[in-house]
Amino acid sequence: MSSYASRAGATVAALAALCFVAPQASAADRTAVTEGLRLSPAANATTRTIAAQERRAAIEAATVCGTGYELYYAEPLPTLDTRLGTLFTYDNGGLGPGDSECAILDNNTGSAKWMKIQLCENKASNPRCSVDQGNYSDYAGPVFMDNCPTVTALMKTTSSSSSYLINRVLGSFCD
């Protein structure tokens, strides 16, 4: 069981223990949000395809980010043919000052790797950054940032390795 599922299960159990009951959604309601996943209106075709094909992973990553987040961007890394990880980025309904973005780097290798996910403010001098790095078998993150951050996703076999399995830097969320 992935740690997404473990964490999501723990959250559900905690809510059940507090006697919170969520209303049941109809099939039409689920379809409107891509079977439980909210997509940003700005999500591109690749992101929408990954959301459809990897719905469970995209939903689990969104759950880690928290409520109110929409899938903004998803990318198989380093390529679709040699997918070792998936970068998921989410926004809370808007892009820009005062809006929050969240990023997760999903490990698709089946074994622990050194991973780093980083969001940094999109400004020239002294940007604030939010970073999560370490050896992970499931995912790195979540990391959060506002003000149109840049995204860095890295993966290596070990922290001391000199070559990267994944080395991806994306421009600003607002680009």
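Mentor: A polar contact is a pair of N or O atoms within 3.5 Å. Please bear in mind that this is a predicted model.

Trainee: Which residue caps the N-terminal end of H3?

Mentor: The cut-off for a polar contact is 3.5 Å. A side-chain oxygen lies 3.2 Å from the backbone nitrogen of Thr 46. The residue that carries this oxygen, and caps the N-terminal end of H3, is Asn 44.

Trainee: What arc do the buried residues of H3 cover around the axis?

Mentor: Helix H3 spans residues 45-53, and Thr 47, Ile 50 and Ala 51 are buried in it. Their arc puts them on the same side of H3, because it is only 100°.

Trainee: Which residues are exposed on the other side of H3, and what covers the buried ones?

Mentor: The cover of the buried residues includes helix H4 (55-65), strand E1 (70-78) and strand E2 (83-91). On the other side of H3, the exposed residues are Ala 45, Ala 52 and Gln 53.

Trainee: Which element gives the most to the largest nonpolar core?

Mentor: This core has 18 residues, and Leu 37, Phe 88 and Ile 104 are among those with the most contacts inside it. Two or more residues come from each of H3, H4, E1, E2 and strand E3 (100-107). With 6 residues, the element that gives the most is H4.

Trainee: Over the face of which residue does Lys 156 lie?

Mentor: The distance of Lys 156 from the ring centre is 5.0 Å. The ring belongs to Trp 114.

Terms used
Residues are numbered from 1 along each chain as its sequence is written. This is a predicted model: local features need pLDDT of at least 70, side-chain atom pairs count only at pLDDT 80 or more; totals for chains, interfaces and linings use all residues. Side-chain values use heavy atoms; hydrogens and water are left out. Buried means under 20% relative accessible area, exposed over 50%, partly exposed in between (1.4 Å probe, protein chains only). Helices (H or I, at least four residues) and strands (E, at least two) are DSSP runs, numbered from the N terminus. The arc is that of the directions from the helix axis to the C-beta atoms. Contact means heavy atoms within 4.5 Å. A polar contact is a pair of N or O atoms within 3.5 Å; within protein, one must be able to donate a hydrogen and the other to accept it, and residues adjacent in sequence count only if both atoms are side-chain atoms. A charge sits over a ring if NZ of Lys or CZ of Arg is within 6 Å of the ring centre and within 35 degrees of the ring normal. A nonpolar core is a set of buried Ala, Val, Leu, Ile, Met, Phe, Trp, Tyr and Cys residues joined through side-chain atoms within 4.5 Å.
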